[in-house]
Amino acid sequence: MSAASDLRAALLAHTPLTALVGQRVRQDFGDESDDYPFVIFKQTGNNPIRGLDGSLHARAEDFQVESWGTTRAASAAIHELVEAALLAADIECDPAEADAIDPEVWAKACIWNVRICTT
């Protein structure tokens with residue numbers, strides 16, 4: 001499995017999160033038919049970890065996980081559930097620099113930075 005599919009599986013395995021977002025955990029973009037709230041994750045980096053001889057030991061894949069809601073409070077609630085899902089799967093997360101706003105519909109998102117190392 002890829003790091004992206006591992007990340008999606010970890011998010012969907014957390015029952016309190018899926019109770020609010022259902023299966024609306026998407027990679028890269030939401031679906032046009034998705035209602036709020038939902039979660040989107042995007043890969044932002046793919047860094048090889050090499051030994052002194054140049055052989056590939058592992059790969060560190062970076063993602064941003066966005067928790068989208070119609071209000072700041074709604075996105076913050078999803079954000080906390082995403083954190084709980086990640087921690088339950090032993091995936092570390094750090095807050096991103098800034099949250100996001102969709103000015104067309106005034107939806108708001110809170111964002112986690114996530115790194116998954118694969119071998």
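The buried residues of helix α1 pack against α2 (15–21), β1 (25–27), β2, β3, α3 and β6. Those buried residues are A3, A4, L7, A10, L11 and L12. Here, buried means under 20% relative accessible area, exposed means over 50%, and partly exposed lies in between (1.4 Å probe, protein chains only). Helices (H or I, at least four residues) and strands (E, at least two) are DSSP runs, numbered from the N terminus.

Before we go on, please keep in mind that this is a predicted model, where local features need pLDDT of at least 70 and side-chain atom pairs count only at pLDDT 80 or more, while totals for chains, interfaces and linings use all residues. Residues are numbered from 1 along each chain as its sequence is written, and side-chain values use heavy atoms, leaving out hydrogens and water.

S5 is partly exposed, at 29% relative accessible area. S5 and Q27 are 22 residues apart in sequence, and their C-alpha atoms are 9.2 Å apart in space.

## Two helices that cross

Two packed helices are described by the angle between their axes and the distance between the axes. The axes of α1 (residues 3–12) and α3 (residues 72–88) come within 8 Å and cross at roughly 115°. These axes are lines fitted to C-alpha atoms, for helices over the stretch in contact, and the angles run from 0 to 180 degrees between N-to-C directions. The two helices α1 and α3 are therefore roughly perpendicular to each other; angles of 65 to 115 degrees count as roughly perpendicular, under 35 as roughly parallel, over 145 as roughly antiparallel and the rest as oblique.

Which residues in α1 and α3 meet? From α1 come L7, A10 and L11, and they meet V82, A85 and L86 in α3. By class, this contact of α1 with α3 has six nonpolar residues, no polar ones and no charged ones. Ala, Val, Leu, Ile, Met, Phe, Trp, Tyr, Cys and Pro count as nonpolar, Asp, Glu, Lys and Arg as charged, and the others, Gly among them, as polar.

## A strand with two partners

Now look at strand β3 (residues 56–69): 10 of its 14 residues are buried, so β3 is largely enclosed by the rest of the structure. Strand β2 (residues 38–50) pairs with β3 in the antiparallel sense over 12 bridges; two strands pair if DSSP finds at least two bridges between them. I40 stands opposite E66 in β3. β2 and β3 form a hairpin with five residues between them, and G54 in the turn has a positive phi of about 90°.

β3 also pairs with strand β6 (residues 107–118), in the antiparallel sense and over 11 bridges. Here S67 stands opposite C110 in β6. Both S67 and C110 are in contact with H79, and so are I111 and W112, leaving aside neighbours of H79 within four places in sequence; contact means heavy atoms within 4.5 Å. H79 has its place in helix α3 and counts as buried at 14% relative accessibility.

## Details in the loops

The loop between β1 and β2 holds P37, and the peptide bond from Y36 to P37 is cis, with omega near 0°. D28 lies in the loop between β1 and β2 as well. Although D28 is not a glycine, it has a positive phi of about 75°.

D90 is found in the loop between α3 and β4 (93–95). Its phi is positive too, at about 55°, although D90 is not a glycine. Is D90 buried or exposed? With a relative accessible area of 73%, D90 is exposed, whereas D28, at 36%, is partly exposed.
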